[in-house]
Amino acid sequence: MQRISFFGSGVVGLASAVVFSSKGVETIITDKDLEKLDAIKSGKSPFREPKLEELLRGSLQSGKLRVNNDQKSTVLESEITLVTVGTPTNHDGSIDLSQLKSTVESVGIALSQKKEYHLMVIKSTVTPGTTSNLVKSMLEDKSKKTVGKDIGLAVNPEFLREGSAIEDTMNPHLILIGSADAISADRLEDFYKESYQRHDLPIMKVNIETAELIKCANNAFLATKISYVNTLANICSRIEGVDVEAVARAIGMDPRIGPLFLKAGPGYGGSCLPKDVKALSHFAESIGYDALFFKMVERVNELQPHVILSIAEKLIGRFTNKTIAILGLAFKKGTDDVRESISVVIVEYLIKQGSTVKVHDPMAMENVRPIFKDRIHYCEKAIDCLKDSDCCLILTDWDEYRNLRSEDFIRNMKEPNVIDAWRVLRINGSGKIRYVAFGIGSYLK
Ligand code: UGA
């Protein structure tokens, strides 16, 4: 079995490394962030991800996973290097390739000292042309070798989700291989077939640019579904008794539409969907096409937090001097990640409006501290967060919020105004509570 190495210990790199090493593949992981590497070495994940630590400890114990802070030996002691560094957004919407460039440079320099064939695989998300132009020329320049002959190059985008990274890597719905030469593509295909030992592995081989585009297009389509259903929710909220969940359930039963990613809410966040819609839009522009469609998907998402805020304003009036309870900070349940979280946008807005903001999240509290410092109040329990507040906004669909009852809001809040942006509660608006289940009724009339 081929030995593999990962450059980059984010969710994609670390989850993939622990899954493959748990399947018996000799795996090395490296990162420029030495603190992160130290944590991983001691069996601790730098982020919260279900089942990850358990597998990580097993792989470290079995010796199948090694952590190495020396980039050169990481390359030399493996046959395939998978690049899983971050490609965040620049101010203009393009992708920041600085981490990718420095990784390709290090791998290239290491490869200049290797006699045997080595395959480099780009797993990081990039726009079409990045690998064939920038990566290939850098790699050939630094390694003094030729791609397609002495060394291999492939693009292998990742489709795992945060919060189910291990599950998704264990059961991929697609293994997408983009390559300009058959040897690179076949080596990577063989590696996957050997590691998964499954005959029905869904592998698709395409050229490099197609693979790069598929990755961005996939996330942009998911974002599109969300902006679409949020648009519907905003319409439903203006029609007496019409419920967006019923509408989404019905249209989702049409196999041409499908039921997933039709949950209305405060908008999409995270490190991927917002970035990839922007990147695709920016990329289209760079090749002479104004992709208005993606701009609208983005615009709907930018406005969505303000839809939630305007409902709150209708209930309580101006935000100045009001106390607002925010339940949920993570960009979605099951993770402690607050990158591009809609909650962060909303909290920032409320602070600017002069509100006192109290927050709770079962996992992500520590990750918002560096952002808000002492500008907000951190509550250990959801109930503490409700105390003396004028309005509660539920912004992440954590299961534990489902257990909150009308009484909890009535007893603890100054005024029991509740906006349930994800429809997690099982209460209705009757009695003393003023409850708005987002996407139903005519509260925005
Ligand atoms: C996303 C993709 O789903 C993965 O396939 C992809 O591999 C990953 O990006 C990536 O490019 O690395 P992730 O960012 O973990 O995964 O999160 P999602 O589950 O896609 O959720 C993104 C956002 O959409 C969240 O804020 C979520 O709350 C929101 N969402 C999701 C909705 O508003 N409605 C829905 O119906 C579903």
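In this predicted model, in which local features need pLDDT of at least 70, side-chain atom pairs count only at pLDDT 80 or more, and totals for chains, interfaces and linings use all residues, Glu79 counts as partly exposed because its relative accessibility is 23%, where buried means under 20% relative accessible area, exposed over 50% and partly exposed in between (1.4 Å probe, protein chains only). Residues are numbered from 1 along each chain as its sequence is written, and side-chain values use heavy atoms, with hydrogens and water left out.

The side chain of Glu79 meets that of Arg3 in a salt bridge of 2.9 Å, N to O, a salt bridge being a side-chain nitrogen of Lys or Arg within 4 Å of a carboxyl oxygen of Asp or Glu. This pair links distant parts of the chain, 76 residues apart, with Glu79 in the loop between helix 4 (71–76) and strand 4 (80–83) and Arg3 in the segment before strand 1 (4–7); helices (H or I, at least four residues) and strands (E, at least two) are DSSP runs, numbered from the N terminus. Arg3, with a relative accessible area of 33%, is likewise partly exposed. By this rule, the salt bridges number 31.
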